Amino acid sequence: MNHYPPLAHYLAAWLSPIWDSGLVSMFNLGMASLFVVYVALFSMGALVSKSAAIVAVCILAGLALLDWPIHGFELRGNYFYSQAVATALAYCAFLAAMASQSHLRRDALFLAATITIGFAHMIAALQLIAAYGVLLCFEGVTSKSGRWRVGYWAIASLGFLAFHPSVRAMLDIGTHEGGLDLLAVDQPVMQAVLVAATGLIGAGCALMGARRNDPTIVAIGCLIFASFALSASLWGAHTVAGLGSYYGFKKTLFSLTTLAPFGLCILLVRDIHIKGATVPIIASAGSVAVLFAVLIGSSPIDATRLEVLREAVEHSGYQAESNRRENSATIVNFPELTPIFNYLLTIGELHVPRDERAAAVYTNDFTGVQRIDAVLTDRMEQCSSEPVGPIFRVPFDCWVANR
C-alpha cells in the first residue's frame, strides 16, 4: 500500500475539510466517482439510442440486485477506492474525446488523461491506452488519415510504460495475490465466457458502427473491445508467462461485467425509439438507479457512524497517537461492518500502524495477535465492557473470548 499511486487519496485529502474527515471524504468521493462512471456510460449510450440507454439502466440495476459485480462492487468488498476514482476519470476522458471533432485535441486529451490517471490507478490508465489504440487501429483500417496516428500512439504508449513512475510501483506489487470474491463470476469457466463474450460484443458494436457510419457506436465498441483485450492480456501474461497475478486479472473484470451488458443493449435495442427523454435525464436518473441497486447489501461508512466513534474517543480521553506506541493499540470493530471498513477506521481514525495488528483487523483473524489492549465496538460484552459515549471499550482478551 505504501507504493500505491496516490492521486485518488490526495483528492480525498484536499476535500477532507468539507466533512472534517479524510475517511468520509474518501467514501463520498468514491460514491461520486461511481455516479460519474454511470453518467458517462449512459450518456454514451443515449447519444446512440435513448432506448438502449434506458434498457441498459434496467438490466444493470437488475444485475446489481442479483450480485453481478458491475462497477460499484469495487467499493462493496475490497474497497478499491482508487480504481473507482480512476475509472470515473477514464470514462469521462473517453466521453469528452468522443465529442471532439479535432484529431489533435483528441490526441492531446487522451495523452494527458492517461498520464494523469496513471497516478490514480494503472488498470484504468491501461484501459484508456488500449481503448484509444483500438480506436486508432480501427480508424486506420477504414481511413488513410488515421494510419500515421497509430504509430504515434504506439510510441506514446511505450513511453508511458517506460517512464511513468506508477508503472514501476505497480510492477513491484503486481505479483501480490489478494483475496477478491467476484460472486457470480468467480469461477474460471464463467470468467472465460465473460471475457470472450465481451470481445465479441465489442467487435460487433465497432463493425455495426462502421456500417452505419456512426462514430459514437464505433467508439463504444472500441472501448468494450479494449477492455476485453486488457483482461485477456493480463490473464495470458499470468497463465502463460507467470507474470503479474490472477488477482490483478480479476480486478479488470468489473469493467467487463458492466460493458458487456451495456454493449449488448446497443446491439439489440438501438432501433427502438423513445420520445420525451433527454440525455441528461437518462444519464442522471440511470446512475442513481444503478448505484442504489449496487449499495443494497453493502456497509458503507457515513459521517454519523464516524461521529459516534469520535464521540467515544472523546469520552474515553483516548488519544489516537498512543496507538503509534509499539506496546499497545486500540482497534475498531463494528460487527455489522465488513473487515475492510473496520480496518479503514482503525488505521484512519485510530492511527494504528499497518503492522500485524492492522492486518488482523483486515483479515478478521486475531489468532496469536498481541499488543492490542482494547476494542471499540457497539456490542456490550459481559466482561468489563466500559461504556464510552454511545459505544463500548472492551478489553481485547474479553472481546476475543466472546467472538
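This is a predicted model: local features need pLDDT of at least 70, side-chain atom pairs count only at pLDDT 80 or more; totals for chains, interfaces and linings use all residues.
**The cavity**

Searching the whole structure gives one cavity of 30 Å³ or more. The largest cavity holds about 70 Å³ of space. Its lining consists of H71, Q83, T87, I123, Q127, S227, L230, S231, T252, F254 and S255. The most comes from α10, which supplies three residues. Sorted by class, the lining of the largest cavity contains eight polar residues, three nonpolar residues and no charged ones.

**The nonpolar core**

The largest nonpolar core has 118 residues. Within this core, the residues that touch the most other members are Y38, F42, I70, Y79, Y81, V290 and L344. Helix α2 (residues 22-48) provides the largest share of the core, twelve residues. For L344, once neighbours within four places in sequence are left aside, the contacts are L23, M26, F27, Y79 and E349.

**Aromatic pairs**

The model has 19 aromatic pairs. Two of them are described here.

In the pair of F80 and Y247, the ring centres are 6.2 Å apart and the planes stand at 65°; an angle over 60 degrees counts as edge-to-face, so the pair belongs to that class.

A residue counts as buried when its relative accessible area is under 20%.

| Residue | Relative accessible area | Class |
|---|---|---|
| F80 | 8% | buried |
| Y247 | 12% | buried |
| F366 | 6% | buried |
| W399 | 1% | buried |
| V294 | 1% | buried |
| R106 | 10% | buried |

Apart from these pairs, one aromatic cluster is formed by F94, F110, Y132, Y152 and W153.

V294 sits in helix α13 (residues 279-295). With a relative accessible area of 1%, V294 is under the 20% limit and is therefore buried. Not counting residues up to four places away in sequence, V294 touches A64, I70, H71, G72, F73 and R76. Among these, I70 is one of the core residues that touch the most other members, and H71 is one of the residues lining the largest cavity. The C-alpha atoms of V294 and W68 are separated by 9.2 Å, although the two residues are 226 residues apart along the chain.

R106 is found in helix α5 (residues 103-118). Its relative accessible area is 10%, so R106 also counts as buried. Leaving aside neighbours within four places in sequence, the contacts of R106 are A97, S100, Y132, L135, L136, E139 and R149. One of these, Y132, is a member of the aromatic cluster.

Methods. Residues are numbered from 1 along each chain as its sequence is written. Side-chain values use heavy atoms; hydrogens and water are left out. On a 1 Å grid over the protein atoms alone, a cavity is a set of points where a 1.4 Å probe fits but cannot get out, and a pocket is an open set with protein on both sides within 12 Å along at least five of seven lines; lining residues have an atom within 4 Å of a point. Grid points are joined across faces, edges and corners, and a volume is the space filled by probe spheres set on the points. Helices (H or I, at least four residues) and strands (E, at least two) are DSSP runs, numbered from the N terminus. Ala, Val, Leu, Ile, Met, Phe, Trp, Tyr, Cys and Pro count as nonpolar, Asp, Glu, Lys and Arg as charged, and the others, Gly among them, as polar. A nonpolar core is a set of buried Ala, Val, Leu, Ile, Met, Phe, Trp, Tyr and Cys residues joined through side-chain atoms within 4.5 Å. Buried means under 20% relative accessible area, exposed over 50%, partly exposed in between (1.4 Å probe, protein chains only). Contact means heavy atoms within 4.5 Å. Rings of Phe, Tyr and Trp (its six-membered ring) pair if their centres lie within 6.5 Å; planes under 30 degrees apart count as stacked, over 60 as edge-to-face and the rest as tilted.
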